[in-house]
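Open the model in your viewer and keep the selection tool at hand. This tour goes from stop to stop, saying what to select and what is there.

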Amino acid sequence: MRYVRRLCGLAIALALTLSAVAPARADDESVAMGASLSEEPLCAEIAQTGEQQTLTANVPEEPLPEETMPEETVPEETDAASDRFDWTEVYTHEFPLFSQLDYPNQRFGSGTVATSGCGITSLAMVASYLTGHTYYPDELAKYFGGYGENNVQRFEYGAQQLKLPIHKADTIRDVFAAMKNGDVAVLLMDHMSIFTETQHFIVLTGINEETGKIMVYDSYPPNYSKWDLKRGFVEGFEEKDLMLGYSGGWIFSVRGMPEVPFIYTEEKPDADPRYDVELTWEQQQLIAKLIWLEARGECKEGQQAVAEVVLNRLVSGRFGDTLEEVIYGEGQFRSSPFLGEAEAWQAQYEALDAALEGPNILPMDVMYFATYPENEQVWGKIERHIFCYG
């Protein structure tokens, strides 16, 4: 206030010789401390306006001749302005923030959502924002966790199934340009980044209007308390912060969304379970590992058929009285010696669930499969395996 009074006093003292007073300027220290550049000039402008009103109140200006009075005009909108897309006016969905750690027991890929689900959690955030329909991470994990050989493939497959307007960025500069255009993006960061020591997906939600930096949502809550990250989550991150350790990016077009978004649902056909068996968790793991050894990478039907052969043998009673006898019995499955080294993924557990719940693929008297016919009673072939009656 003292600065303003001094400015006003000086202006009044020099009113007869000065026609205007220059607005004050923010000093370098205030800029360095993060102060708004508009605060001090705005106060000076108000003081200047008040001074001018006081000075001109007693000296009325002579009106201009009528023919020289300026007409009030409305500036024409330029092509650049007319083409600009103000997505904030038409897009009002809130951006949800999900934590992958909330789902430690939901299988996903080769682990769980908590251990391996940053990608599917990021997809849930973006899909919920774009459609206005809340997709939860465990929901999408159930839908898409059994597909693909890695989490990038599962992320891309899920986005395609949700019919989101997605395309792979050629460079990170494409991502930055898309963000400035009002789009959102997901980045895959590697161990060179500030976000992870391995690989990690993050969501770019928009541009901070005050700082001009890029806002980021992270599905891994511990990152928000790291000293080198927590300020960025509040103010936004510099482009250079995101370039470090960048491994890939996917852009989601806000303008590409239809007025009525597609909402994904998965309906399973009605079927009555035909296997009257109860499997312990250890037994489920055993079958899933066998499927992983025998048919990983094959289609869902091929993996389910392997599970059905195991269950067909179990309920027949001809190959042993317990699951362990069926699997480890001499001459039963050539892969059984390697079960201790196997690591079943979600796809294998889903194949077992599909076999138990139905609808089923094989008749109950199909007992064999191999890459060649075990006998002349061939049922059919799925991928590289030929299934035979027993």
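Select residues 281-295, helix α13, and residues 346-357, helix α16. In this predicted model, the two helices pack with their axes 9 Å apart, at an angle of about 110°. Angles of 65 to 115 degrees count as roughly perpendicular, so α13 and α16 are roughly perpendicular to each other. The crossing of α13 past α16 is right-handed.

Now show the side chains at this contact. On α13, pick Trp281, Gln284, Gln285, Ile287, Ala288, Ile291 and Trp292. On α16, pick Gln348, Tyr349, Ala351 and Leu352. What kinds of residue make up the contact of α13 with α16? There are 8 nonpolar and 3 polar residues, and no charged ones.

Next, move to the loop between α13 and α14 (300-316) and select Glu298. Is Glu298 buried or exposed? Its relative accessibility is 9%. Buried means under 20%, so Glu298 counts as buried.

Select Cys299. Its relative accessibility is 23%. Then jump to Cys118. With a relative accessible area of 9%, Cys118 is buried. How many disulfides does a search of the whole structure find? The search finds 0.

Note on methods. Residues numbered from 1 in each chain as written. Predicted model: local features only at pLDDT ≥ 70, side-chain atom pairs only at ≥ 80, totals over all residues. Heavy atoms only, no water. Disulfide = S-S within 2.5 Å. Buried < 20%, exposed > 50% of the residue type's maximum accessible area, 1.4 Å probe, protein only. Axes fitted to C-alpha atoms, helices over the stretch in contact; angles between N-to-C directions. Helix = DSSP H or I, 4+ residues; strand = E, 2+ residues; numbered from the N terminus. Parallel < 35°, antiparallel > 145°, perpendicular 65-115°, else oblique. Left-handed = near helix turned anticlockwise from the far one by under 90°. Contact = heavy atoms within 4.5 Å. Nonpolar A, V, L, I, M, F, W, Y, C, P; charged D, E, K, R; others polar.
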